[in-house]
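Please view the sequence and the structure first.

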Amino acid sequence: MDTIASLFSFITTPVSWIIVQFHKLYGAMFGPDTGWAWGLSIVSLVVLIRICLIPLFVKQIKSTRNMQALQPKMKAIQERYKNDKQRQSEEMMKLYKETGTNPLSSCLPILAQSPFFFALYHVLSKIASGDTIGVLNQELVNSAREAHIFGAPIAAKFMDDPGKVEALNASLTDVRVVTAVMIVLMSLSQFFTQRQLMQKNVDLSVKTPYMQQQKMLMYIFPVIFAVMGINFPVGVLVYWLTTNVWTMGQQMYVINQNPTPGSKAQDHYLQRLVKSVTSHGEVRGRRRRAVVQAIVAKGPDRNDNERKFVTTLAKAGFTPQPDGNVKKVDPATAEAENAAAARRQQPKRQPKAKRQAGGGQQPPAKTSLEKADQPQEPKTKQPAKPAGSTRQAKSGQRKGQQRPKHPSSKK
């Protein structure tokens with residue numbers, strides 16, 4: 001851990017400075033030596049970091065959706081070039097470049113948080129040992145050591161021995177109860193965040209290995225957090241619990257306001273949009289108009305949720321317009337127009353002769369191989385043909401009328 005701490009030592013001074021500034025604010029409200037002042041300082045540090053990471057979170061959402069959409073194509077490439085790993089990698093990179101997808105974008109928020117996480121861990125470790133670090137002088141270090149959150153010092157850990165906990169003026173029971181509760185909450189928040197993503201915000205029409213991987217991570221990540229959490233100080237648990245709750249709330253907002261096409265969340269969003277349109281007679285809000293505009297522009301490429309949305313609007317007497325708004329029409333007329341559009345969007349049917357043999361239609365012509373495979377019917381007596389009109393089939397040749405030779409060819 002000392003090696004990791006040294007790698008992130010460049011960020012310990014900014015992290016300690018931010019904590020001190022928030023501590024001044026909360027210390028004036030709750031007292032400088034209280035757990036509320038130091039605990040809220042850590043929470044505010046998390047909020048500040050997550051606000052700065054919102055652009056990366058937006059990129060993460062776009063990358064995740066692009067990866068979901070590309071899974072069928074990726075699977076086809078893997079099957080096509082399963083014996084040529086180099087060509088497989090080249091085709092994958094080409095696909096990423098053409099679609100503008102970066103597989104690493106989904107990890108950007110976690111990677112960006114890592115320096116702050118290890119810096120805070122290093123700061124709290126120094127506080128536990130009574131050493132100064134960054135802008136934390138000895139007076140502030142002593143104040144932080146005396147701060148307790150529900151009876152547990154912010155620098156104490158679940159695995160600390162009784163002597164170390166007593167040196168921080170606390171009991172081992174209080175420390176382990178508080179840390180255990182926080183570890184459980186941290187793991188549950190992580191599980192719930194991944195679960196709502198898998199159940200509500202995934203395109204259910206596309207079944208790919210990517211979904212199975214995400215389902216496995218839904219159970220693996222909480223276990224990893226629980227195992228690692230027993231070695232985290234209380235202050236780090238406060239940090240990680242806060243960032244998990246922030247992620248959960250941020251994810252809920254995205255699912256409700258910008259769901260993945262084809263998901264359950266999109267169906268619920270469009271149902272709410274229908275209720276709003278029928279109540280006000282128009283599409284209210286620029287974001288909602290953009291959604292309607294995108295659905296109209298898709299035309300025959302709409303998914304089931306979007307077709308259901310257009311049909312429900314038609315029954316209510318509204319027709320979506322290319323500008324993102326709706327037009328009030330007679331419900332019967334709207335349903336007729338919607339049905340006509342649906343018929344136009346259906347693929348062209350094949351001729352009946354191709355779909356079934358017989359039925360008053362001439363069956364498709366058989367090839368020469370099919371003719372050869374069929375059993376020969378008993379020959380009926382045919383009128384004699386002029387000699388030389390046909391050539392007798394030689395041994396090994398197919399029977400039947402032969403194409404005449406060119407005059408210039410040898411007999």
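## A buried threonine and its surroundings

T243 counts as buried because its relative accessibility is 2% (buried means under 20% relative accessible area, with a 1.4 Å probe and protein chains only). The model is predicted, with local features needing pLDDT of at least 70 and side-chain atom pairs pLDDT 80 or more, while totals for chains, interfaces and linings use all residues. Residues are numbered from 1 along each chain as its sequence is written, and side-chain values use heavy atoms, without hydrogens and water.

T243 is part of helix 11 (residues 234–257); helices are DSSP runs of H or I with at least four residues, strands are runs of E with at least two, and both are numbered from the N terminus. Apart from neighbours within four places in sequence, T243 contacts V46, R50 and Q113, where contact means heavy atoms within 4.5 Å.

An unreviewed UniProt entry lists residues 7–23, 35–58 and 217–241 as "transmembrane region"; such annotations may be inferred rather than shown by experiment.

| Span | Helix | Strand | Distance between end C-alpha atoms |
|---|---|---|---|
| residues 35–58 | 96% helix | 0% strand | 34 Å |
| residues 217–241 | 84% helix | 0% strand | 18 Å |

Helix 12 (residues 264–280) packs against helix 13 (residues 286–298) at about 110°, and their axes are 12 Å apart. Helix 12 is therefore roughly perpendicular to helix 13 (65 to 115 degrees), with axes fitted to C-alpha atoms over the stretch in contact and angles running from 0 to 180 degrees between N-to-C directions. From helix 12, Y269, L270, L273 and S276 meet R288, V291, V292 and I295 of helix 13.

Definitions and conventions
Angles under 35 degrees count as roughly parallel, over 145 as roughly antiparallel, 65 to 115 as roughly perpendicular and the rest as oblique. Buried means under 20% relative accessible area, exposed over 50%, partly exposed in between (1.4 Å probe, protein chains only).
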